[in-house]
Amino acid sequence: MAELGSKGVTAGKIASNVQKKLTRAQEKVLQKLGKADETKDEQFEQCVQNFNKQLSEGTRLQKDLRTYLASVKAMHEASKKLTECLQEVYEPDWPGRDDTNKIVENNDLLWTDFHQKLVDQALLTMDTYLGQFPDIKSRIAKRGRKLVDYDSARHHFEALQTAKKKDETKIAKAEEELVKAQKVFEEMNVDLQEELPSLWNSRVGFYVNTFQSIAGLEENFHKEMSKLNQNLHDVLLGLDKQYSGNAFPVKAQPSDSTPAKANKSPSPPPDGSPITSPETKTVNHELEPSTLEAPGASIPKSPSQPAEAARAGAEAAGSEAAAGAEASKAEADSGSSSLPAVVVETFPATVNGTVEGAASSERADMPPGFLFKVQAMHDYTATDTDELQLKAGDVVLVIPFENPEEQDEGWLMGVKESDWIQHKELDQCRGVFPENFTERVQ
């Protein structure tokens, strides 16, 4: 029996809620049609507008702050890899090895401390600030519903009073419902009238504290980082001084037409004749046309440009078209006879190093408006329903925004390649992601 009683109470509450919704809907329709007056409070409406603006600004600031923190983390990773590379190339017997290792360690600690303090002093404060908005937003909506209930009870009471056939019992009950509805509405209205202006005024102090914290943390971070950089500069300067007197000769490669020299090249003679040396003569001797000549082409020699002729001969062995171009140049300079015709081969048209037909076929399988591919360098945890969740190594197909005005700076729209291959649906798979977490791959 208790269970049935419980079900009866539940059913009664459901019926009461349904009736309230119907009554409110009817009241709103009458108000929109102008058949029923609506209680207005312009001062409160202004407070609601300020509240919505404050919530929108705070939400954007929170999103941008998260993006900033993600960028700091990515910069930390990049800096860490760079300094680790320095450790690897810094040989054990070089002076300042221990100092370099200490600088690298402090660099990593400084980045970690900077990121953690930003989270503690800016992001967590931001989250606490925005945490009060959902409850107030819910109360504003409830206050609106209670206002409709109050207006409905008022109109019902007035209608019974002006009816030709008056029913005192119904009038008394309607008056009781009106007093009750008015009391509930006014209690909520008074509380919000006090809280909303106070919340609106609090934004100034919050913005000041947040940006002062960020600016102060950045200032200290850059000061400490500047000291580390100066220490690293001094260590490398000491290394440079110790090894600056040592000579590091560079040997010429077999294919070089002119050997590399550690000292300055001699000045050309006043008569303008070419510079010759034992090295260049040896190279010219080794690159005789008889050993480099390709079928169908001959390599003319020019007494004024032996190196040019030798280079043209070497290129002719690999490419007849290049040999023809060099030979034509040599002929113009030396006045020798014309060269035999050069056979020119044709190849399929290419775009960015790929065959055009293949590229067109590949783009046909891409989503509409496909721009280019990027690959995630780091994991990215989505903080909103319109964002992509990324893992390092994920390939994303970048597409344009449907409305370019909605694109925020530093964010791209795309669909993960694996999702596109599996579903071929943009509406369910696409989302935005921070550009600095990725690198372009195609």
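Phe51, Tyr129, Phe133, Phe206 and Tyr207 form one aromatic cluster in this predicted model. Rings of Phe, Tyr and Trp (its six-membered ring) pair if their centres lie within 6.5 Å; planes under 30 degrees apart count as stacked, over 60 as edge-to-face and the rest as tilted. Local features need pLDDT of at least 70 and side-chain atom pairs count only at pLDDT 80 or more, whereas totals for chains, interfaces and linings use all residues. Residues are numbered from 1 along each chain as its sequence is written, and side-chain values use heavy atoms, with hydrogens and water left out. Helices (H or I, at least four residues) and strands (E, at least two) are DSSP runs, numbered from the N terminus.

**Aromatic pairs and charges over rings**

- The whole structure contains 11 aromatic pairs. In the pair of Tyr380 and Trp411, the ring centres are 6.3 Å apart and the planes stand at 75°, so the arrangement is edge-to-face.
- Tyr380 belongs to the loop between β3 (372-376) and β4 (395-399), and Trp411 to strand β5 (residues 411-416), so this pair ties together parts that are 31 residues apart in sequence.
- Tyr380 counts as buried at 9% relative accessibility, and Trp411 is buried with a relative accessible area of 5%. Buried means under 20% relative accessible area, exposed over 50%, and partly exposed in between (1.4 Å probe, protein chains only).
- Arg203 lies over the face of Trp200, at 3.6 Å from the ring centre. Arg440 takes such a position over Phe372, at 4.0 Å from the ring centre. A charge sits over a ring if NZ of Lys or CZ of Arg is within 6 Å of the ring centre and within 35 degrees of the ring normal.

**The five-stranded sheet**

- An open sheet is formed by 5 strands in the order β6-β5-β4-β3-β7, with antiparallel pairing. Two strands pair if DSSP finds at least two bridges between them.
- Axes are lines fitted to C-alpha atoms, for helices over the stretch in contact, and angles run from 0 to 180 degrees between N-to-C directions.
- Strands of a sheet pair through backbone hydrogen bonds, either parallel or antiparallel.

**Strand pairing and burial**

- β5 and β6 run antiparallel and are joined by 4 bridges; the bridge partner of Trp411 in β6 is Pro434.
- β4 and β5 are antiparallel over 4 bridges, and Val398 has Gly414 as its bridge partner in β5.
- β3 and β4 likewise pair in the antiparallel sense over 4 bridges, with Gln375 opposite Val395 in β4.
- β3 also pairs with β7, in the antiparallel sense over 3 bridges; in β7, Arg440 is the bridge partner of Val374.
- In β5, 6 of the 6 residues are buried, so the strand is largely enclosed by the rest of the structure. Trp411, Met413 and Val415 point one way from β5, while Leu412, Gly414 and Lys416 point the other way, and all are buried.
- β3 is mostly covered, with 4 of its 5 residues buried.

**Helices**

- The axes of helix α2 (residues 42-89) and helix α3 (residues 97-130) come within 10 Å and cross at roughly 170°. This crossing makes α2 roughly antiparallel to α3. Angles under 35 degrees count as roughly parallel, over 145 as roughly antiparallel, 65 to 115 as roughly perpendicular and the rest as oblique.
- The residues of the contact of α2 with α3 comprise 18 nonpolar, 13 polar and 6 charged. Ala, Val, Leu, Ile, Met, Phe, Trp, Tyr, Cys and Pro count as nonpolar, Asp, Glu, Lys and Arg as charged, and the others, Gly among them, as polar.
- Met225 is placed in helix α5 (residues 168-243) and is buried, with a relative accessible area of 11%. The C-alpha atoms of Met225 and Ile103 are separated by 10.0 Å, although these residues are 122 residues apart along the chain.

**A positive phi angle**

- Lys424 lies in the loop between α11 (417-423) and α12 (426-429). Phi of Lys424 is near 55°, a positive value in a residue other than glycine.
- Lys424 is partly exposed, with a relative accessible area of 42%.
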